[in-house]
Amino acid sequence: MLQLSKIISFLLHPIFLFVYLFIIAVAVDPYLQFVMPPEQGKPLLIILVINTIVLPVVSLLFLLKRGAIQSIYLTNPKDRKIGVLVMFVFYLITYILIRKLAVPQSFLAIFCGVLVSLVIVFFISGYFNISMHALAVGGLIGTLFGLFKAHAFINLYALAGAFIL
C-alpha cells in the first residue's frame, strides 16, 4: 500500500500537472479541439513536456549536484524558493515560445495564470510553507471551471476527475 501511495504521489507531482491540464483541456473543451487540431497539439505537447518537466528537473539535479539545494524534494524554504524560481524561468521561456505559435488565447491566459501563481508563491514561500500540490491541483480545477465558463460547456467527468485529485 505504501508503494501505491508513492506512485500516486509521483504521478500527481506538481511538475506534471500543467501537462495534464493541457491534455485534459484539449480532450474536453470543444472550442480548443476546434481551434487547435491534433497536428498542432502534438508539437505543443512536446514543447510543454521538455520545457516544463525535463529541463526544470535537469536544472534542479544540476543545482543539487553543485550544492545550491540540499534536496531534490525542496523541503526547506531556501530550496523551495530556488525551485519556484527555476520553474518560473522555464515557464516564462515556454510562454514566450508558444506565443509565436497559433495557440488559442485561453491557453495563453492559463499560462499567464501559472506565471502569476509562481510569482506569488515565490514571495509568500519565505514566510509560509505553501503546499505546491494543493496549489497545482487548485489551479487545475480553477482552470477547468474557467474553461467551462468561457466556452459555455461543462464536462462532469473531467470535473469529477479533477476533484478526485
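Good morning. Helix α7 gives the most to the lining of the largest pocket, with 7 residues. Helices here are DSSP runs of H or I with at least four residues, numbered from the N terminus. A pocket is defined on a 1 Å grid over the protein atoms alone, as an open set of points where a 1.4 Å probe fits, with protein on both sides within 12 Å along at least five of seven lines, and lining residues have an atom within 4 Å of a point.

Before I continue, a word on the source. This is a predicted model, in which local features need pLDDT of at least 70 and side-chain atom pairs count only at pLDDT 80 or more, while totals for chains, interfaces and linings use all residues. Residues are numbered from 1 along each chain as its sequence is written, and side-chain values use heavy atoms, with hydrogens and water left out.

Let me return to the pocket. Its space comes to about 1100 Å³, a volume being the space filled by probe spheres set on the grid points, which are joined across faces, edges and corners. The lining of the largest pocket is made up of 36 residues, and those nearest the centre are His13, Pro14, Ile15, Phe16 and Met132. At least two lining residues come from each of α1 (2–11), α2 (14–28), α4, α5 (77–99), α6 (105–124) and α7 (132–150).

Is Ile15 buried or exposed? Ile15 belongs to helix α2, and it counts as buried because its relative accessible area is 9%. The cut-offs are under 20% for buried and over 50% for exposed, with partly exposed in between, using a 1.4 Å probe and protein chains only. Between the C-alpha atoms of Ile15 and Val54 there are 9.5 Å, although the two are 39 residues apart in sequence.

Val54 leads us to the surface. Together with Ile46, Val49, Ile50, Leu55 and Val58, Val54 forms a nonpolar patch with about 440 Å² of accessible area. Such patches join nonpolar side chains (Val, Leu, Ile, Met, Phe, Trp, Tyr) within 5 Å, and like charges within 9 Å, among residues with over 30% relative accessible area and no salt bridge. A salt bridge is a side-chain nitrogen of Lys or Arg within 4 Å of a carboxyl oxygen of Asp or Glu. Areas follow the Shrake-Rupley method with a 1.4 Å probe, and for residues only the protein chains shown count as cover. Ile46 sits in helix α4 (residues 38–66) and is exposed because its relative accessibility is 51%.

Next comes the loop between α4 and α5, where Leu74 is located. Leu74 has a positive phi, near 55 degrees, in a residue other than glycine. With a relative accessible area of 15%, Leu74 is buried.

I close with two further helices. Val116, in helix α6, is partly exposed at 48%, and its C-alpha atom is 9.1 Å from that of Phe88, 28 residues away along the chain. Thr143, in helix α7, is buried at 17% relative accessibility. From Thr143 to Lys81, the C-alpha separation is 24 Å. Thank you.
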